[in-house]
Amino acid sequence: MRRTIISMLLACLCAGVAGGARAHAILEHADPRVGSTISGAPSAVSLYFTQEVESSFTSIEVLNSAGARVDSGKPRVSGTTAQVGVEPLPPGHYTVRWRALSVDSHTTQGSFGFDVQR
Ligand SMILES: [Cu+2]
């Protein structure tokens, strides 16, 4: 509940100060694509945002189906793109959890899955 109130407050502040939802760094697309099934293991997971993000508070976690992290840690951030390396991924389902601090100082977060084909 408290969390909901805080998010609403942030949304209001952003709408008032920066002109609305456009000012947030929302995930525009990802590679591997959100919800996709790919053949062959990716060497990295790349996220493309709608706005430039700050490297200091932007994180990407890639988890296997057992919940263990398979990413290399700190993402590389350049403009609107954040990328993290992953270890060689065996077939299975993976979850990407991201968190981004946009240049307007608002934090956004989300998660999605992808599958490496058997
Ligand atoms: Cu914002």
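Visitor: Leaving aside neighbours within four places in sequence, which residues is Thr 108 in contact with?

Guide: Thr 108 is in contact with His 24, Ala 25, Ile 26, Trp 98, Arg 99 and Ala 100 once those neighbours are set aside, where contact means heavy atoms within 4.5 Å. The model is a predicted one, in which local features need pLDDT of at least 70 and side-chain atom pairs count only at pLDDT 80 or more, while totals for chains, interfaces and linings use all residues. Residues are numbered from 1 along each chain as its sequence is written, and side-chain values use heavy atoms, with hydrogens and water left out.

Visitor: Why is Thr 108 called buried?

Guide: Thr 108 has a relative accessible area of 10%, and the word applies under 20%, with over 50% called exposed and anything in between partly exposed (1.4 Å probe, protein chains only); Thr 108 is therefore counted as buried. Thr 108 lies in strand E8, a strand being a DSSP run of E of at least two residues and a helix a run of H or I of at least four, each numbered from the N terminus.

Visitor: How far is the backbone oxygen of Ala 25 from a polar atom of the side chain of Thr 108?

Guide: The separation between that oxygen of Ala 25 and the side-chain atom of Thr 108 is 2.6 Å. A polar contact is a pair of N or O atoms within 3.5 Å, one able to donate a hydrogen and the other to accept it within protein, and residues adjacent in sequence count only if both atoms are side-chain atoms.

Visitor: What makes Ser 102 buried?

Guide: Ser 102 has a relative accessible area of 1%, and that is why it is classed as buried. Ser 102 sits in strand E7, and its side chain joins that of Gln 51 through a polar contact of 3.3 Å. Not counting residues up to four places away in sequence, Ser 102 touches several others, among them Ala 23, Gln 51 and Val 53.

Visitor: Why is Ser 105 called exposed?

Guide: The relative accessible area of Ser 105 is 52%, so Ser 105 is exposed. Ser 105 belongs to the loop between E7 and E8, and its phi is near 75 degrees, a positive value in a residue other than glycine. Another backbone feature is the cis peptide bond from Asp 31 to Pro 32, with omega near 0 degrees; Pro 32 is in the loop between E1 and E2. Most residues other than glycine have a negative phi, and most peptide bonds are trans.

Visitor: How many aromatic pairs does a search of the whole structure find?

Guide: The search finds 2 aromatic pairs, rings of Phe, Tyr and Trp (its six-membered ring) being paired if their centres lie within 6.5 Å, with planes under 30 degrees apart counted as stacked, over 60 as edge-to-face and the rest as tilted.

Visitor: What makes the pair of Phe 49 and Trp 98 edge-to-face?

Guide: The ring centres of Phe 49 and Trp 98 are 5.2 Å apart and the planes stand at 70 degrees, so the pair is edge-to-face. This pair links distant parts of the chain, with Phe 49 in strand E3 (residues 44-49) and Trp 98 in strand E7 (residues 92-102), 49 residues apart. Phe 49 and Trp 98 are both buried.

Visitor: Why is the pair of Tyr 94 and Phe 114 called stacked?

Guide: For Tyr 94 and Phe 114 the centres are 5.7 Å apart and the planes at 25 degrees, so the pair is stacked. Tyr 94 lies in E7 and Phe 114 in strand E8 (residues 107-116), so the pair ties together parts that are 20 residues apart in sequence. Tyr 94 and Phe 114 are both buried.

Visitor: Which residues have the most contacts inside the largest nonpolar core?

Guide: The residues with the most contacts inside this core of 21 residues are Val 45, Leu 47, Phe 49, Val 62, Val 96, Phe 112 and Phe 114, a nonpolar core being a set of buried Ala, Val, Leu, Ile, Met, Phe, Trp, Tyr and Cys residues joined through side-chain atoms within 4.5 Å. Strands that each supply at least two residues of this core include E3, E7 and E8, and E7 gives the most, with 4 residues.

Visitor: What makes E2 and E4 edge strands?

Guide: The open sheet of 4 strands has the order E2-E8-E7-E4, with mixed pairing, two strands being paired if DSSP finds at least two bridges between them. E2 (37-38) and E4 each pair on one side only, and they are the edge strands. E7 and E8 run antiparallel and are joined by 10 bridges.
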